[in-house]
Amino acid sequence: MATVPTDRRPAGASRRPHVRHWRRVWGPIAAFVWLAASAAPAAAQELDAIVAVVNDDVVVQSEVDHEIGLVVPQLQQQGTAVPPPEQLRKQVLERLIMKRLQQQRARQLGIEVDEATLVEAMSNIAARNGISLEELKATLEAGGIRFADFREDTRMQILTSRLQNQEVVRNIQVTDQEVDRLLAREAQSLVPREQVRLSHILIALPDDPTPDQVAQAEKKANAVLAKLRGGADFAAVAAASSDGRTALQGGDLGWFEMAAVPSLVTELATTMAKGAVSEPLRSPTGFNIIKLTDIKGGAPDTVTQTHARHILVRTNELVSDADARTRLAQLRQRIQGGDDFATLARAHSEDTGTALKGGDLGWVSPGDTVPEFEEAMNALSAGEISEPFKSPFGWHIVQVQERRTQDTADELLRLKAREAIQRRKAEEATEAWLRQLRDEAYVEVRLGGETGAL
């Protein structure tokens, strides 16, 4: 897989695993790190009982206990009331069931996370926090966190992303006509409110619910809303009452571009005040209560872009940092002596995504590359070639070919609209896909004396 140090891609394509990608992943992993440090070691069990059968696999009691040991400190750190033990166990078990189902589906499709990708991802996480991978490992171990656990949590993040991309995201198409319609209808929502952070409580309904089931769910949703309107903490109520997949995160759905907000709440997200809570909204999955947790806005109309090209040499068991630096220094000397940069890039660069193009990265905007690459590139004048430098991907030399100040208002608006439509579709399609995955599975729950195929 190509490892270009940029973050630009066609709509619907998966991100390359560099630092900007892992900004989105670091949040959950940072929580994992804090939780693992906070959780007390699980007591040894004489018998590790099976609490759920998931197709041809099982979830055992020690897994539930371990997950609870991570979730409880998180809720306490957030100041969120811990749900009653029975409800907490059910929420945790459902999370583990969904994790197991996705792992099984990934195996069926032959989706794996190789060692090189995993190491690169962890290196990116470390780099994003200003430390090396070795320092990250030492920091984790000093806090009593097993590095092996952190590795597996990171691996699962990548696996889930790849699986959902293959099963859902790559099948989503966004047409120019959809972009035009969105801009005509919601262009203003893309600018004044650049992003909103939403929280969610779901009171679920089964497929083809009876009138009585609908009535009972609506009654429960109204009771939940009454608690919220009475001053109850949203995160605590979500953790205790929500059937949504983010219940144990206090219902937090994260940040959305305005046009990427799920269709059900598009209008509310545009008009609701920060901190406001919606009335229960009916959807195919049940009754939804939405809170507008936070708002971001504003974007520059112009940016300085750089047209650059680079040569990448990776390090591995056979190529040390010193070897990579020396090879690039020799290539730089050859270019300065008159050899063609593009020809040498095709022959020597290990960035397969750009090597065939002579190392050409095209026009790069601020924030498109990892910090180390952007810093080295920005220090150069047009035509100048950098000394060898290191990034999370390996060692580089980069040449700046030209710079321009670009009016990006219209371009950014169309790009934001396209990405927003794709994210909106992906969010809704992923929810439906997860429900289908769960509905088609054989799941037998044995938790707390309950036994039944679901």
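Trainee: Leaving aside neighbours within four places in sequence, which residues is Val92 in contact with?

Mentor: This is a predicted model, in which local features need pLDDT of at least 70 and side-chain atom pairs count only at pLDDT 80 or more, while totals for chains, interfaces and linings use all residues. Residues are numbered from 1 along each chain as its sequence is written, and side-chain values use heavy atoms, with hydrogens and water left out. Contact means heavy atoms within 4.5 Å. With neighbours within four places in sequence set aside, Val92 is in contact with Val64, Glu67, Ile68, Val71 and Leu248.

Trainee: In the largest nonpolar core, which residues touch the most other members?

Mentor: A nonpolar core is a set of buried Ala, Val, Leu, Ile, Met, Phe, Trp, Tyr and Cys residues joined through side-chain atoms within 4.5 Å. Buried means under 20% relative accessible area, exposed means over 50%, and partly exposed lies in between, with a 1.4 Å probe and protein chains only. The largest such core has 46 residues, and those touching the most other members are Val59, Val64, Val92, Leu93 and Ile97.

Trainee: Which element gives the most to this core?

Mentor: Helices (H or I, at least four residues) and strands (E, at least two) are DSSP runs, numbered from the N terminus. Elements that give two or more residues to the core include helix H2 (61-77), helix H3 (85-109) and helix H15 (409-439). The most, eight residues, comes from H3.

Trainee: Where do the buried residues of helix H8 lie, seen down its axis?

Mentor: Helix H8 (residues 211-229) has 19 residues and reaches 27 Å from first C-alpha to last, close to the 27 Å expected at 1.5 Å a residue, where the expected span is 1.5 Å times one less than the number of residues. Its buried residues are Val214, Ala217, Ala221, Val224, Leu225 and Leu228. Taking the directions from the helix axis to the C-beta atoms, these buried residues fall within an arc of 100°, so they line one face of H8.

Trainee: Which exposed residues does the face of H8 turned away from its buried side carry?

Mentor: What covers the buried residues of H8 includes strand S3 (195-204), helix H9 (234-241), strand S5 (281-283) and strand S6 (286-296). The face turned away from that buried side carries the exposed residues Pro211, Asp212, Gln216 and Lys219.

Trainee: The rings of Phe373 and Phe389 form what kind of pair?

Mentor: Rings of Phe, Tyr and Trp (its six-membered ring) pair if their centres lie within 6.5 Å; planes under 30 degrees apart count as stacked, over 60 as edge-to-face and the rest as tilted. A search of the whole structure finds two aromatic pairs. For Phe373 and Phe389 the centres are 5.7 Å apart and the planes at 65°, so the pair is edge-to-face.

Trainee: Is Gly275 buried, partly exposed or exposed?

Mentor: Gly275 lies in the loop between helix H10 (266-271) and S5. Not counting residues up to four places away in sequence, Gly275 touches Lys291 and Leu292. At 39% relative accessibility, Gly275 counts as partly exposed.

Trainee: What percentage of the residues in the chain is buried?

Mentor: The chain has 15 helices and 12 strands. Of its 454 residues, the buried ones make up 47%.
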